[in-house]
Amino acid sequence: IKGNEKVLTARLEDGEFFYQEDQQIKIADAVERLKLVTFHEKIGSIYEKMQRVSYFAETIGKVVGLTNEELSDLQRASEIYKFDLVTNMVGEFPELQGIMGEKYALMQGEKPSVATAIREHYLPTSSDGVLPVTNVGAVLAIADKLDSVMSFFAVGMIPTGSNDPYALRRQAYGVVRIVENKGWYFPIETLRGEMISAAIQHQGKLSDQLEASTPEVIDFIKARVRQHLLSQKIRYDIIDAVLKSQQEDLIKMAETALVLEKHIQEATFKPTIEALTRVMNLAKKGQELLSESQLEVKPELFETESEKALFEAIIVAKEAFSGENMELNYLALETLGPKVEAFFEDNMVMTDDEKIRNNRLALLVQLGNLALSFASIDQLIVK
């Protein structure tokens, strides 16, 4: 509304009759009426959407670390946040969705934090629009947007080409922007699994379809992460490396991309990436050839000092990775570079001795998995 205060004032005056009449509507009654308002014929009513969002929001709120008071406010907000859609004022002026919800909620004694969340859940309203400020509003906005994306995917209504009638790309992009702005830990695949579990537990509509559409939804959200990183001028191969890694935290993906972008001009970058790419290629072969029981490295089978040195260096690197600092993770991998080169100079990995060969492959699988938890190094282009 910013910049259009006069227009809003005029509309409020024009809609004074509706405004006065709406004051008499109780929130509980308005919520009940939402059972008769269709969100989409294949998905259900707005009331059913609110029910899903209620337990989705609770799941997200706990993961991102909301306080007990914020979780309580979030629960109340998620129970009523669409109630203003059945008011005459919003019926006459749809652009006031959320804005009037905040005002009516305050008038009927709701906490300011709950009322603010009702308004903020629509944000951002464009790809570069204003983001929610409060934690409660941000989580409610994320839950509402993820529910829309997941629900439409569940019934097979997936955007294709430029066709996106329900603005699912914008909504998913909004989720990425909100999470980055808040700096929240947001493991998208794990979180989505927990949200689906909550839907099943509550015997929610679409539960089975939500579970079946998991891969498509994750790829869709990662595509929005790609869009966000491209807007920051990150190299496309770095983005590929991050998105094809074993990371699932949206924040860590972005941090990793920035770390790689920071180091690409350094003299050590090319040899580090080349050494780790060779490791990852052999690690893939090792995972194909070895059973689960064969992936344990046996130090007693080492024949050279370089094998032992690499094994010990991997243990140190794993400890560094436990801190989940992407800069330190990269430096740990960089430190491994010379030891990897020495290993390949001294050892024939695919030796005829099966035990020795399998042990060396197991060692490389360990290192390959460690590197993959940071980025899919083999996607990086070095010249």
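Helices (H or I, at least four residues) and strands (E, at least two) are DSSP runs, numbered from the N terminus.

**View A. Overall architecture of the protein, with 19 helices and two strands.** The model is a predicted one, in which local features need pLDDT of at least 70 and side-chain atom pairs count only at pLDDT 80 or more, whereas totals for chains, interfaces and linings use all residues. Residues are numbered from 1 along each chain as its sequence is written, and side-chain values use heavy atoms, with hydrogens and water left out. The C-alpha trace of the protein spans about 85 × 45 × 40 Å along its principal axes. Of its 383 residues, 51% count as buried (under 20% relative accessible area; exposed is over 50%, partly exposed in between, with a 1.4 Å probe and protein chains only). Among contacts (heavy atoms within 4.5 Å) with a separation of 6 or more, 72% are accounted for by residues 24 or more positions apart.

**View B. The largest cavity, with about 50 Å³ of space.** A search of the whole structure finds two cavities of 30 Å³ or more. On a 1 Å grid over the protein atoms alone, a cavity is a set of points where a 1.4 Å probe fits but cannot get out, and lining residues have an atom within 4 Å of a point. Grid points are joined across faces, edges and corners, and a volume is the space filled by probe spheres set on the points. The lining of the largest cavity consists of Val176, Val179, Glu180, Val225, His228, Leu229, Leu250, Ile251 and Ala254. By class, the lining of the largest cavity holds seven nonpolar residues, one polar and one charged (Ala, Val, Leu, Ile, Met, Phe, Trp, Tyr, Cys and Pro count as nonpolar, Asp, Glu, Lys and Arg as charged, and the others, Gly among them, as polar).

**View C. The crossing of helix 10 and helix 15.** The axes of these two helices come within 9 Å and cross at roughly 75° (axes are lines fitted to C-alpha atoms, for helices over the stretch in contact, and angles run from 0 to 180 degrees between N-to-C directions). Helix 10 is therefore roughly perpendicular to helix 15 (65 to 115 degrees; under 35 counts as roughly parallel, over 145 as roughly antiparallel and the rest as oblique). From helix 10, Val176, Val179 and Glu180 meet Leu250, Ile251 and Ala254 of helix 15. Five of the residues in this contact are nonpolar, none is polar and one is charged. Val176, Val179, Glu180, Leu250, Ile251 and Ala254 are also among the residues that line the largest cavity.

**View D. Lys252 in helix 15.** Lys252 counts as buried because its relative accessibility is 17%. Leaving out residues up to four places away in sequence, Lys252 touches Gln247, Glu324 and Met326.

**View E. The second largest cavity, with about 30 Å³ of space.** Leu146, Met150, Ile188, Leu191, Arg192, Met195, Val217 and Ile221 form its lining. Helix 9 (135–154), helix 11 (188–201) and helix 13 each supply at least two of the lining residues. Helix 11 gives the most, with four residues. The lining of the second largest cavity has seven nonpolar residues, no polar residues and one charged residue.

**View F. The second largest pocket, with a volume of about 340 Å³.** A pocket is an open set of grid points with protein on both sides within 12 Å along at least five of seven lines. This pocket is lined by 17 residues, and those nearest its centre are Lys82, Tyr122, Asp144, Ser148 and Gln171. Two or more lining residues come from each of helix 4 (46–64), helix 9 and helix 10. Helix 9 provides the largest share, four residues. The lining of the second largest pocket divides into seven nonpolar, five polar and five charged residues.

**View G. Ala57 in helix 4.** With a relative accessibility of 0%, Ala57 counts as buried. Apart from residues up to four places away in sequence, Ala57 touches Leu74, Val139 and Ala143. Ala57 and His202 are 145 residues apart in sequence, and their C-alpha atoms are 14 Å apart in space.

**View H. Leu290 in the loop between helix 16 (269–289) and helix 17 (305–321).** Leu290 is buried, its relative accessible area being 8%. Its contacts, not counting residues up to four places away in sequence, are Leu295, Asn358, Leu361 and Ala362. Leu290 and Phe186 are 104 residues apart in sequence and 33 Å apart in space, C-alpha to C-alpha.
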